[in-house]
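User: Please take a close look at the side-chain contacts in this model. Which side chains pair up, and where do they sit?

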Amino acid sequence: MPCKGILRLCAMSLPDLWRSRCSLKDVEGFDHSVANDTFGACGDLPGEQQGPCLPYYVWQCGYTKKLSKVYSLVDFNFSEPIHSCFGKTKIKFAHDGICHGFAVWIDWVLDEKNPIVISTGPESRYWKQGVQLLSRPVQVNPVSSVMHVEAHFDPGTAELVFKSMVS
């Protein structure tokens, strides 16, 4: 059993996935809000509304490009009773591109004394990652763009909620 889990993330360009998960608008007088709710629309949502974190194999998302290095967000210590966790980080972009969101995954630390780690990151084709899409894609560059990401885990609901802002 793992002794620790590390929630990691990196900024991604995911144009195909973002287009496929955009919210549907009014088409020829037909309201698609029920389809948006049912299928979990993520992109182009009204106002400050944020879509769910989606389970995907990142390698199956069509065109993808990592726009940042990998960052650690939250550490889960499994030797203690489960409790509320909060983490935040500032992502500096390493490449120019259009940021559609970020990929999240857990690195499982099996032995803390001899760090044996199983990563479920995007390089692994055998594990699903979480993908949190932004409401609107953002053009980024390494010189002036920064993304602030916060995560909160509620053990009562087992819900992991992300908030992000690109500046």
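Analyst: The answer below goes through salt bridges, rings, a surface patch and cysteines.

The model is predicted, so local features need pLDDT of at least 70 and side-chain atom pairs count only at pLDDT 80 or more, while totals for chains, interfaces and linings use all residues. Residues are numbered from 1 along each chain as its sequence is written, and side-chain values use heavy atoms, with hydrogens and water left out.

Start with the charged pairs. Searching the whole structure gives four salt bridges (a side-chain nitrogen of Lys or Arg within 4 Å of a carboxyl oxygen of Asp or Glu). Among them is Asp-75 with Lys-4, at 3.7 Å from N to O. Asp-75 belongs to strand S4 and Lys-4 to strand S1 (residues 4-13), so this bridge ties together parts 71 residues apart in sequence. Helices (H or I, at least four residues) and strands (E, at least two) are DSSP runs, numbered from the N terminus. Asp-75 is partly exposed, because its relative accessibility is 46% (buried is under 20% relative accessible area, exposed over 50%, partly exposed in between; 1.4 Å probe, protein chains only).

Another bridge joins Arg-19 and Asp-16, at 2.7 Å from N to O. This one is local. Both residues lie in helix H1 (residues 15-20), three residues apart, which is about one turn of the helix. Arg-19 is exposed at 55%, whereas Asp-16 is partly exposed at 30%.

Glu-123 and Lys-66 also form a salt bridge, at 2.4 Å from N to O. Glu-123 is in the loop between S7 and S8 and Lys-66 is in strand S3 (residues 65-66), so the pair ties together parts 57 residues apart in sequence. Glu-123 is exposed at 58% relative accessibility. Lys-66 is partly exposed at 28%.

Now the rings. The count of aromatic pairs is four (rings of Phe, Tyr and Trp, its six-membered ring, with centres within 6.5 Å; planes under 30 degrees apart are stacked, over 60 edge-to-face, the rest tilted). One of them is Phe-76 with Phe-153: the ring centres are 5.6 Å apart and the planes lie at 85 degrees, so the pair is edge-to-face. Phe-76 sits in strand S4 (residues 71-77) and Phe-153 in strand S9 (residues 146-154), 77 residues apart. Both Phe-76 and Phe-153 are buried.

Charges meet rings as well. Arg-125 lies over the face of Trp-59, 3.6 Å from the ring centre (NZ of Lys or CZ of Arg within 6 Å of the centre and within 35 degrees of the ring normal). Lys-69 lies over the face of Tyr-71, at 5.2 Å from the ring centre.

Turn to the surface. Leu-110, Ile-116, Ile-118, Tyr-126 and Trp-127 make up a nonpolar patch, with about 520 Å² of accessible area together. Patches take residues with over 30% relative accessible area and no salt bridge, joining like charges within 9 Å and nonpolar side chains (Val, Leu, Ile, Met, Phe, Trp, Tyr) within 5 Å. Areas come from the Shrake-Rupley method with a 1.4 Å probe; for residues, only the protein chains shown count as cover. Tyr-126 is in the loop between strand S7 (116-119) and strand S8 (129-140). Tyr-126 is exposed, at 73% relative accessibility.

Last, the cysteines. The structure holds zero disulfides (a pair of cysteine sulfur atoms within 2.5 Å). Cys-85 is in no disulfide, and its nearest cysteine sulfur, on Cys-3, is 15 Å away. Cys-85 is buried at 11% relative accessibility. Cys-61 is buried too, at 4%.
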